Amino acid sequence: MEEILLWPNGASGAKGDTKEDTPSIVPYIVNSGDAHGAVIICPGGGYVRRACHEGEPVALWLNSIGISAFVLNYRVAPSYRYPYPFMDMQRAIRYVRYHAADWNIEPNHIGVMGFSAGGHLASTVGTHFDDGRADAEDPVDRMSCRPDAMILCYPVITFGEYRHHGSMINLIGENPSDELIKLLSNELHVTPDTPPTFLWHTADDQAVPVQNSLLFAEALRRCGVPFELHIYPHGRHGLGLALGEPSVSSWTELCARWLKNLGF
């Protein structure tokens, strides 16, 4: 698949012009005569890499249920820390929304999906968004970056007690301020405008504690945001589609039904 550069003339804050300096999306477009939804995928990797098994295989699964997908190649540590991955994700949503008609995508059915640290990135854009700048010179920047749905798979959510420490220091450094820790503990920023959310986790996840999903679900409940949460008793971290794990792999069927009910 051909990558699409999110900033063809160079990304803000870029330190060079290598692939790691040029955030992009890889499109997996459903060839359908009907307008349909799309999901932007954020693979995990602790904000230091992007896990391949949480990218293309997931996009192809989404295609199989009639949804177009885009795999986001966002910038990672050590060269890039906050806010650059966040900026890349916001730009991806704006870009897909701006070009939605070109791909027969409904601009009000653009979701985000993230795994592990990618789930932190997805939940960050779902809790910190704007309507775009009407006076922006670049028409892409006039678009809203609010996702219409979030799918969070064993996500990093908090930088508090139950944090994944590696993801935190890769994103905001060894000695972050209390203000930055709170800003990026996404359970603290849920509002009634937060998008509907699908979450799944395993109870014995040894890398990212299940409390991350529980904290976010409780915040969604408190604010009246529709959500669906599935906790599986057993399963290692980083399962992706969970092929070969029959006790967990049902998450894709459940998620497909959830997306269908949202009109994707």
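Tutor: Arg257 is partly exposed, at a relative accessible area of 46%. Buried here means under 20% relative accessible area, exposed means over 50%, and partly exposed lies in between (1.4 Å probe, protein chains only). This is a predicted model, where local features need pLDDT of at least 70, side-chain atom pairs count only at pLDDT 80 or more, and totals for chains, interfaces and linings use all residues. Residues are numbered from 1 along each chain as its sequence is written, and side-chain values use heavy atoms, with hydrogens and water left out.

Arg257 has a salt-bridge partner, Glu253, with the closest N and O atoms 3.5 Å apart. A salt bridge is a side-chain nitrogen of Lys or Arg within 4 Å of a carboxyl oxygen of Asp or Glu. Both Glu253 and Arg257 sit in helix 7 (residues 250-261). They are 4 residues apart, about one turn of the helix. Helices are DSSP runs (H or I, at least four residues), strands likewise (E, at least two), and both are numbered from the N terminus. Glu253 counts as exposed, with 52% relative accessibility.

Now take Glu20 and Arg50. Their closest N and O atoms are 2.8 Å apart in a salt bridge. This pair links distant parts of the chain, 30 residues apart. Glu20 is in the loop between strand 1 (4-5) and strand 2 (24-28). Arg50 is in the loop between strand 3 (36-42) and helix 1 (56-64). Glu20 is partly exposed, with a relative accessible area of 37%.

Next come Asp148 and Arg146. Their side chains form a salt bridge at 3.9 Å, N to O. Asp148 counts as buried, at 18% relative accessibility. Arg146 is partly exposed, at 24%.

There is also a network of salt bridges. It links Arg91, Asp138 and Asp141. The count of salt bridges comes to 11. Side chains of opposite charge can pair when their charged atoms come close.

Now the setting. The protein has 7 helices and 8 strands. Its radius of gyration, taken over C-alpha atoms, is 17 Å, close to the 18 Å that the globule rule (2.2 Å times the number of residues to the power 0.38) gives for 264 residues, so the protein is as compact as a globular protein of that length. Of the 264 residues, 55% are buried.
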